[in-house]
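Me: I am new to this structure. Please take me through it in short steps.

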Amino acid sequence: MKSSDNWFKTLVIIVILVVILFFAVKYSIPHFRGEGGCCGGSRKEKLIKPGKIKNVTSTKVVKIEGMRCENCHRRVQNALNSIDGVNAKVNGEKAVAVVKLGRKIEDSELKEAITSLGYSVTSIN
């Protein structure tokens, strides 16, 4: 085999790898901006402000797996805050939701609100 044939094959492989890398980076950037496909594509979830609770009866910390971007955090927070008597704030870096309760709410109801979105609850304390 000629050395010019090897050089050409090497060049073709490098070009293919550069093209693959380009598209991998191009389609990863929106995800890192919080616009990832894991939470509905480029649609930004509007944050629902937590309701004010006059008398907090208890506070729970919910550990959550599967949140990958800012939209994931918003989706979980919105789902929890849509429950009457719940004031929740999600910390995406720690993968937890701090939930203040204004009435007795079963852990299963909180868990269902999160798992229905496709995330996993690892603990509720």
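Me: Where does Gln77 lie?

Reply: A word on the source first. This is a predicted model, in which local features need pLDDT of at least 70 and side-chain atom pairs count only at pLDDT 80 or more, while totals for chains, interfaces and linings use all residues. Residues are numbered from 1 along each chain as its sequence is written, and side-chain values use heavy atoms, with hydrogens and water left out. Helices (H or I, at least four residues) and strands (E, at least two) are DSSP runs numbered from the N terminus, and Gln77 lies in helix 2.

Me: Is Gln77 buried or exposed?

Reply: Buried means under 20% relative accessible area, exposed over 50%, and partly exposed in between (1.4 Å probe, protein chains only). Gln77 has 10% relative accessibility, so Gln77 counts as buried.

Me: Which residues does Gln77 touch?

Reply: Contact means heavy atoms within 4.5 Å. Leaving out residues up to four places away in sequence, Gln77 touches Leu47, Ile48, Pro50, Ala88, Lys89 and Val90.

Me: How many of the twelve residues of helix 2 are buried?

Reply: Among the buried residues of helix 2 are Asn71, Arg74 and Asn81. Helix 2 is largely enclosed by the rest of the structure, because the buried count of its twelve residues is eleven.

Me: At what angle do the axes of helix 2 and helix 3 cross?

Reply: Axes are lines fitted to C-alpha atoms, for helices over the stretch in contact, and angles run from 0 to 180 degrees between N-to-C directions. The axes of helix 2 (residues 70-81) and helix 3 (residues 107-115) come within 9 Å and cross at roughly 140°.

Me: Which residues of helix 3 meet helix 2?

Reply: Helix 2 brings Val76, Ala79 and Leu80 to the contact. Their partners in helix 3 are Leu110, Ala113 and Ile114.

Me: Where is Ala95, and is it buried or partly exposed?

Reply: Ala95 lies in the loop between strand 2 (86-91) and strand 3 (96-101). Ala95 is not a glycine, yet has a positive phi of about 60°. With a relative accessible area of 24%, Ala95 is partly exposed.

Me: What pattern does the protein follow along the sequence?

Reply: The protein has three helices and four strands. Of its 125 residues, 29% count as buried. Of the contacts with a separation of 6 or more, 68% come from residues 24 or more positions apart. Read along the sequence, the pattern is α-β-α-β-β-α-β.
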